[in-house]
Amino acid sequence: MARITQLVLDILKPHDPPLALFTRHLAEVRSGLTVSAEVIEIDEHTETLTVCCEGSDLDLEEISEAISAMGGSLHSVDKVRVINDTEAG
Amino acid sequence: MERKLNNSLHFLLGITGTHGIVRRYAVVNGFDGALTMLGMLIGFSISADVALPVVINACLGVSIALAVSGVSSAYISEAAEQKQALDQLRSAMVSDMADSAHHRAATIAPLLVALANGGSPLLMGVLIMLPLWLGQFGVDLPATPVQMALGTALTLIFLLGMFLGRVRGSSLLVSGLLTLLIAGATTLVVYLLGAA
């Protein structure tokens, strides 16, 4: 079965929650999830982030819901890594 | 887990910066309540032969009025502030943010601020009135009920000052004594005007 193991996302979010809290809550979506975030641009009320999520089986919808719950908005999925570990034959 | 965290009160209060507002409203209106009660009790203590039920009813009436005033005024003003902040954020995010913690926080924060603003003077009033009720029920007190209530009011005002000192990170004793000084000045003015 093909599994998503990495997602690089372009996200717009309000200043609150702050970056560390936002990233931590995102990582708490699923056990074993590793999340790193980088601020690309800061405006008066918002900031644009590049967020990299890594895990054994990522669910984009679940991550997107968590982003929305914290007031953020998923602008684009910039990079995806998928592994297919089904044995051929 | 994520949903639980986002719904947690601590998280919602943090998002709207309501922690500080709740504390400020609680202390300010709590101080108002305690000082108002102190003024009334001084007034009663320098008046001749005021029956205890009259003192209790007057103090209770004032405490309830302060609570209702505190709840309604804080809710109206804080709801407007939160709505304005949310509208600005919606505009910046180009989203209605309907499922966001910010939306939930904008509903919950005014309620909490209103409760703090109205509940603190009521709590102060009830605590200060405890000796009056005890006296009314015939409990033996080391001083008259009004004197005991005055002592309670001064103690609470001192404790509020200490709490403010803790928030500021300054000396608890000095901060407590400062608020006690304000209470002392109030007592003096009420006493002098009442005596005159």
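Me: What is the handedness of the crossing of helix 3 of chain B and helix 6 of chain B?
Reply: The model is a predicted one. In it, the axes of helix 3 of chain B and helix 6 (residues 145–168) of chain B come within 9 Å and cross at roughly 155°. Angles over 145 degrees count as roughly antiparallel, and helix 3 and helix 6 of chain B are therefore roughly antiparallel to each other. The crossing of these two helices of chain B is left-handed.

Me: How many nonpolar residues are in the contact of helix 3 of chain B with helix 6 of chain B?
Reply: Helix 3 of chain B contributes residues including B:Val27, B:Phe31, B:Leu38 and B:Leu41, while B:Ala149, B:Leu156, B:Ile157 and B:Leu164 are among those of helix 6 of chain B. By class, the contact of helix 3 with helix 6 of chain B has one charged and two polar residues, and the nonpolar ones number 18.

Me: What is the handedness of the crossing of helix 3 of chain B and helix 4 of chain B?
Reply: Helix 3 (residues 18–45) and helix 4 (residues 52–93) of chain B pack with their axes 11 Å apart, at an angle of about 160°. That makes helix 3 of chain B roughly antiparallel to helix 4 of chain B. Their crossing is right-handed.

Me: How many polar residues are in the contact of helix 3 of chain B with helix 4 of chain B?
Reply: On helix 3 of chain B the contact includes B:Tyr25, B:Asn29, B:Asp32 and B:Thr36, and on helix 4 of chain B it includes B:Val55, B:Cys59, B:Ser63 and B:Leu66. By class, the contact of helix 3 with helix 4 of chain B has 10 nonpolar residues and one charged residue, and the polar ones number five.

Me: Which are the edge strands of the open sheet of four strands in chain A?
Reply: The strand order in this sheet of chain A is 2-3-1-4, with antiparallel pairing. An edge strand pairs on one side only, and in chain A this applies to strand 2 and strand 4 (73–84).

Me: Which residue in strand 3 of chain A is the bridge partner of A:Val39?
Reply: Strand 2 (residues 34–42) and strand 3 (residues 46–54) of chain A run antiparallel and are joined by eight bridges. A hairpin of three residues connects strand 2 to strand 3 of chain A. In strand 3, the bridge partner of A:Val39 is A:Leu49.

Me: Is A:Ile67 buried or exposed?
Reply: A:Ile67 lies in helix 2 of chain A. Not counting residues up to four places away in sequence, A:Ile67 touches A:Ile11, A:Gly72 and A:Leu74; A:Ile11 in turn stands opposite A:Leu74 in strand 4 of chain A. A residue is buried if 20 or more other C-beta atoms lie within 10 Å of its own. With 23 C-beta neighbours inside 10 Å, A:Ile67 counts as buried.

Me: Which element gives the most to the side of chain A that touches chain B?
Reply: In this contact, 15 residues of chain A meet 17 residues of chain B. Strand 1 (2–14) and helix 2 (60–69) of chain A each supply at least two residues of the side that touches chain B. With three residues, the element that gives the most to that side of chain A is helix 2.

Conventions: Residues numbered from 1 in each chain as written. Chains lettered and ligands numbered in written order. Predicted model: local features only at pLDDT ≥ 70, side-chain atom pairs only at ≥ 80, totals over all residues. Axes fitted to C-alpha atoms, helices over the stretch in contact; angles between N-to-C directions. Parallel < 35°, antiparallel > 145°, perpendicular 65-115°, else oblique. Left-handed = near helix turned anticlockwise from the far one by under 90°. Contact = placed C-beta atoms within 7 Å. Nonpolar A, V, L, I, M, F, W, Y, C, P; charged D, E, K, R; others polar. Pairing = 2+ DSSP bridges. Buried ≥ 20, exposed ≤ 12 C-beta atoms within 10 Å, placed from the backbone.
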